[in-house]
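Let's walk through this structure together, from the whole chain down to single residues. Keep the viewer open as you read.

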Amino acid sequence: MKKYIFLISLLSFSSICFAQALPIEIKSVSGKVLYYRAQTMSALTTRSKLKADDLIMTKDGRVSLIFEDTTISLSPHSLFRVLNLKNKERFQFGEFLMGEYASVTRKKLVDRRRLEVLLPKAKAHVVGTRFIIQIATNVEKLLERQKGEFSEIPRLELIPAAVSNPDLVTQVTCFEGKVNIETDSGQKQSLEFKESALYSGNGANLRVTMKDEGELESIATSLGFEIFDEKSTDSNPSE
């Protein structure tokens with residue numbers, strides 16, 4: 001319900017833009033990638049300045065963004081909302097709504113607050129880790145996309161219904177370190193290397209399986225993520 005209210009308000013958002021540009025580096029953009037702000041759709045480039053609540057929509061393209069300690073990459077036909085919510089304990093830097101999302105976080109964080117990314121009916125707490133999130137309208141679509149078959153996500157006006165659909169499926173796979181998942185139903189799970197969590201709806205049916213290294217490589221390769229590439233790690237130069 002939270003996401004439904006948010007997205008409805010997003011579609012009726014006025015032309016007043018209260019947010020300032022955030023210190024987010026747009027590392028790379030390839031193909032067609034758009035962002036939605038104040039009822040306006042614009043092309044995203046490496047020169048764009050992102051603000052809180054911007055909705056990034058990859059069409060047939062890809063994009064990589066750097067948020068302080070974390071580098072994220074989106075596959076084609078994915079949807080991500082930029083956040084900048086901070087308090088003394090946590091930093092929520094984004095909300096991933098649909099498609100595929102790869103995340104690489106440095107092990108020694110500059111910002112000591114807990115890093116979180118919001119998901120449909122859940123949130124993920126990052127612990128110096130690498131992981132991939134996949135979100136699809138149903139299991140069949142998730143498996144298709146896992147083979148590199150990136151069908152288009154629903155149109156913008158249909159997104160609220162899509163993300164609140166009980167058939168929506170989310171899979172989180174840990175490639176290094178740890179990632180903690182907490183669903184709206186109260187399910188909590190800490191994933192370590194090779195572990196993968198799958199759930200639908202409010203997450204009450206969350207279950208964990210173990211992947212072998214061949215399966216991990218297959219997922220990353222099919223989705224086009226270089227998550228095993230050491231050069232993609234945002235390492236701390238003081239280490």
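A residue is called buried here when its relative accessible area is under 20%, exposed when that area is over 50%, and partly exposed in between, using a 1.4 Å probe and protein chains only. What you see is a predicted model, in which local features need pLDDT of at least 70 and side-chain atom pairs count only at pLDDT 80 or more, while totals for chains, interfaces and linings use all residues. Numbering runs from 1 along each chain as its sequence is written, and side-chain values use heavy atoms, with hydrogens and water left out.

With that in hand, start with Asp-53. Its relative accessible area is 25%, so Asp-53 is partly exposed. Asp-53 sits in the loop between strand 3 and strand 4 (55-58), where strands (E, at least two residues) and helices (H or I, at least four) are DSSP runs numbered from the N terminus. Although Asp-53 is not a glycine, it has a positive phi of about 80°. Gln-39 is also a non-glycine residue with a positive phi, of about 60°, and its place is in the loop between strand 2 (33-37) and strand 3 (40-43). Gln-39 counts as partly exposed because its relative accessibility is 47%.

Now step back to the whole chain. It has four helices and 14 strands, and 51% of its 239 residues are buried. Taking contact to mean heavy atoms within 4.5 Å, residues 24 or more positions apart account for 60% of the contacts with a separation of 6 or more.

Not counting residues up to four places away in sequence, Ser-30 touches Gly-61 and Arg-62. With a relative accessible area of 39%, Ser-30 is partly exposed.

Leaving aside neighbours within four places in sequence, its contacts include Phe-131, Ile-132, Ser-196 and Leu-216. The side chains of Thr-173 and Ser-196 are also joined by a polar contact of 2.9 Å. Such a contact is a pair of N or O atoms within 3.5 Å; within protein, one must be able to donate a hydrogen and the other to accept it, and residues adjacent in sequence count only if both atoms are side-chain atoms.

Next, look at helix 2 (residues 139-146), whose buried residues are Leu-142, Arg-145 and Gln-146. Seen down the helix axis, these buried residues fall within an arc of 105°, so they line one face of helix 2. That arc is taken over the directions from the helix axis to the C-beta atoms. At the start of helix 2, a side-chain oxygen of Asn-138 comes within 3.2 Å of the backbone nitrogen of Glu-140. After the helix comes Gly-148, with a positive phi near 90°.
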